Amino acid sequence: MVKLTVTTPSIRPPALKIVAESLSRQDFTNFEWLIGSPANLEKEIEQEIGGVVPYIFVPEPPKKEGEFYTLNSCWNKLFKVAEGELIVNIVDGIWFIPETLSILVAHYENNKQAIVGLIGHQYLE
């Protein structure tokens with residue numbers, strides 16, 4: 001069975017609740033959820049979503065001189081930590097149907113070289 005990693009960078013702990021609730025209802029359950037965020041938000045994230053679905057907190061790298069934001073550095077760190085054969089990026093504030101992960105795994109198993117985006121309805125079947 002494919003192990004999947006869901007990565008979610010966030011600086012908005014309240015926006016993680018809808019993602020946690022969506023992940024808790026997935027019919028595909030062989031996944032790890034990595035949340036990348038500034039270290040000072042770890043406790044607030046735990047207060048918002050603790051107990052809804054297991055997750056691993058990954059502190060984002062510090063901002064380097066000249067950087068406007070650390071989003072790309074955070075994605076890179078999440079990818080390095082990921083243990084899944086398949087990585088799914090889900091940003092904060094997003095609701096998704098309970099079959100989302102199983103649909104993505106089915107597409108992956110059909111073509112392991114494909115990149116699949118989730119914009120629109122094209123992946124419902």
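In the predicted model, the side chains of D92 and R12 meet in a salt bridge, with an N to O distance of 2.3 Å. This pair links distant parts of the chain, 80 residues apart: D92 belongs to the loop between β4 and α4 (100-110), and R12 to the loop between β1 and α1 (16-24). D92 has a relative accessibility of 8% and therefore counts as buried, the limit being under 20%. R12, with a relative accessible area of 47%, is partly exposed.

A search of the whole structure gives 3 salt bridges. Another of these joins E83 to K3, whose closest N and O atoms are 3.6 Å apart. This pair also connects distant parts of the chain, since E83 lies in the loop between α3 (71-81) and β4 (86-89) and K3 in the segment before β1 (4-9), 80 residues apart. E83 is exposed at a relative accessible area of 60%, whereas K3 is partly exposed at 29% relative accessibility. E85 forms a salt bridge with K112, and here the closest N and O atoms are 3.4 Å apart. E85 is placed in the loop between α3 and β4, K112 in the segment after α4, and the two are 27 residues apart. Both are partly exposed: E85 has a relative accessibility of 43%, and K112 has a relative accessible area of 48%. In general terms, side chains of opposite charge can pair when their charged atoms come close.

The sheet is open and consists of 4 strands in the order β3-β2-β1-β4, with parallel pairing. β3 (56-59) and β4 are the edge strands, each pairing on one side only. From one strand to the next, the twist averages 25°. Between β1 and β4, the parallel pairing extends over 4 bridges; V6 has V88 of β4 as its bridge partner.

Two helices are described relative to this sheet. α1 lies across β1 and β2 and runs at about 175° to β2. α3 packs on the sheet and touches β1, β2, β3 and β4, its direction making about 160° with that of β1. In α1, the buried residues are L16, V19, A20, S22 and L23. Viewed down the axis of α1, these residues fall within an arc of 165°, so they line one face of the helix. They pack against β1, β2 (31-37), α2 (42-49) and α4.

Aromatic contacts were searched over the whole structure, which gives 3 aromatic pairs. In one of them, the ring centres of F68 and Y69 are 5.9 Å apart and the planes stand at 80°, so the pair is edge-to-face. F68 is exposed, at a relative accessible area of 73%, and Y69 is partly exposed, at 46%. W75 and F79 form a stacked pair, with 6.0 Å from centre to centre and 25° between the planes. Both residues lie in helix α3, 4 residues apart, about one turn of the helix. An α-helix has 3.6 residues a turn, so residues three or four places apart point the same way. W75 is buried, with a relative accessible area of 15%, whereas F79 is partly exposed at 34% relative accessibility.

Technical notes
Residues numbered from 1 in each chain as written. Predicted model: local features only at pLDDT ≥ 70, side-chain atom pairs only at ≥ 80, totals over all residues. Heavy atoms only, no water. Salt bridge = Lys/Arg side-chain N within 4 Å of Asp/Glu carboxyl O. Buried < 20%, exposed > 50% of the residue type's maximum accessible area, 1.4 Å probe, protein only. Arc of directions from axis to C-beta. Contact = heavy atoms within 4.5 Å. Pairing = 2+ DSSP bridges. Axes fitted to C-alpha atoms, helices over the stretch in contact; angles between N-to-C directions. Phe/Tyr/Trp six-rings, centres within 6.5 Å; stacked < 30°, edge-to-face > 60°.
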